[in-house]
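Thanks for coming. I will talk through one model, starting with its core and then its sheet.

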Amino acid sequence: MATAAPSAASRIAVVTGASSGIGAATARQLAAAGYRVVLTARRKDRIEALAEELTKAGHSAVAYQLDVTDRAAVDEFASAFKTIGVLVNNAGGALGADPVASGDPADWRAMYETNVIGTLNVTQALLPKLEASGDGVVVVVSSTAGHGTYEGGGGYVAAKHGEHVLAETLRLEIVGRPVRVVEIAPGMVRTEEFALTRFGGDTDKAAKVYEGVAEPLTADDVAETITWAVTRPSHVNIDLLVVRPRAQASNTKVHREQG
C-alpha cells in the first residue's frame, strides 16, 4: 500500500529522543517521506549532526536541544509553532534491572519522569498545534514492557504501562477531534545505547540481553513501522501495533541459538 504524502498543513514532524536509536532512525524515515523534521534531544551535538546529514541529503530538518522533563523548556519550544502534523514521543529509556525488593527509587523516578511525564509534557504542549493542523498524529513509542511484566523489569515496566495508559486515555478523550493517537510497542530492539544505558555502561551485561538472538529488531525496523502508521490515510488509526523479532514470542520467551 502506498504511503500518503503529508499535506502542507501537517508537514512538520517533531521527534523527541532523536539523538540516537529509534528516534534518529524515525527522523530519517519521516524526512524521506516528505516531512520537515524537528529533532529534539538533550545532546545538542548529536541532533545538530543529524540535521546537517538530512539537509545535505535534500531533506528539511532542524535541531532543538530539549529536555522533555523540563516543562518550562517544553512550553517555550512549543510556542515556536502554529501547527504541526506529527509528534513522535520517543524519548525514554530504562535504568537498571533490579528486583522490586531492591530497586533504586531514584531509577524508578527517573524512568517515570522521562517516559511518562516527558511524554505528557510534550503532548500537552503540542496538542493544540496538532489539532490546528486539521490532521494531526500523536505517536507514543512505548514497549512490550507496557503490556506484560518480567522479572527485573519492575521500574521500566511500571513506566511503560503508564505511557500505554496515557495513550489509551488520550485517544478516548479526544475522539471526534482531528488528531489520531498511535501507540507503537516494540519488543527486543538492538540499538547502540539502550541496554548499555540500562546497565550503567556495562558492556558484558548489555551484550547478554541479545546473546544467541540471531536477528533482534533494529531501530530502522521500528522507524519503518512508525512511518507506516503515520502515513495511513487520515481516517485510519493504528491504535496499537506490537512489533517483535521472530525469535521473541513474549517478554520472557526468546529463542536463543547455541553457539
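A nonpolar core here is a set of buried Ala, Val, Leu, Ile, Met, Phe, Trp, Tyr and Cys residues joined through side-chain atoms within 4.5 Å. Buried means under 20% relative accessible area, with a 1.4 Å probe and protein chains only. The model is predicted, so local features need pLDDT of at least 70 and side-chain atom pairs count only at pLDDT 80 or more, while totals for chains, interfaces and linings use all residues. Residues are numbered from 1 along each chain as its sequence is written, and side-chain values use heavy atoms, without hydrogens and water.

Which residues touch the most other members of the largest nonpolar core? They are V37, V139, I184 and I226, in a core of 36 residues. Leaving out residues up to four places away in sequence, I184 touches V139, I226, L241 and V243, among others; contact means heavy atoms within 4.5 Å. A separate second core has 24 residues, including V38, L66, F81 and V179.

Now the sheet. Strands are DSSP runs of E, at least two residues, and helices are runs of H or I, at least four, both numbered from the N terminus. Two strands pair if DSSP finds at least two bridges between them. Seven strands form an open sheet in the order 3-2-1-4-5-6-7, with parallel pairing. Its edge strands are strand 3 (61–65) and strand 7 (240–243). Strand 1 (residues 12–15) pairs with strand 2 (residues 36–41) over four bridges, and A13 stands opposite V37.

Last, helix 8 (residues 219–230) packs on the sheet, touching strand 4, strand 5, strand 6 and strand 7.

Definitions and conventions:
Axes fitted to C-alpha atoms, helices over the stretch in contact; angles between N-to-C directions. Buried < 20%, exposed > 50% of the residue type's maximum accessible area, 1.4 Å probe, protein only.
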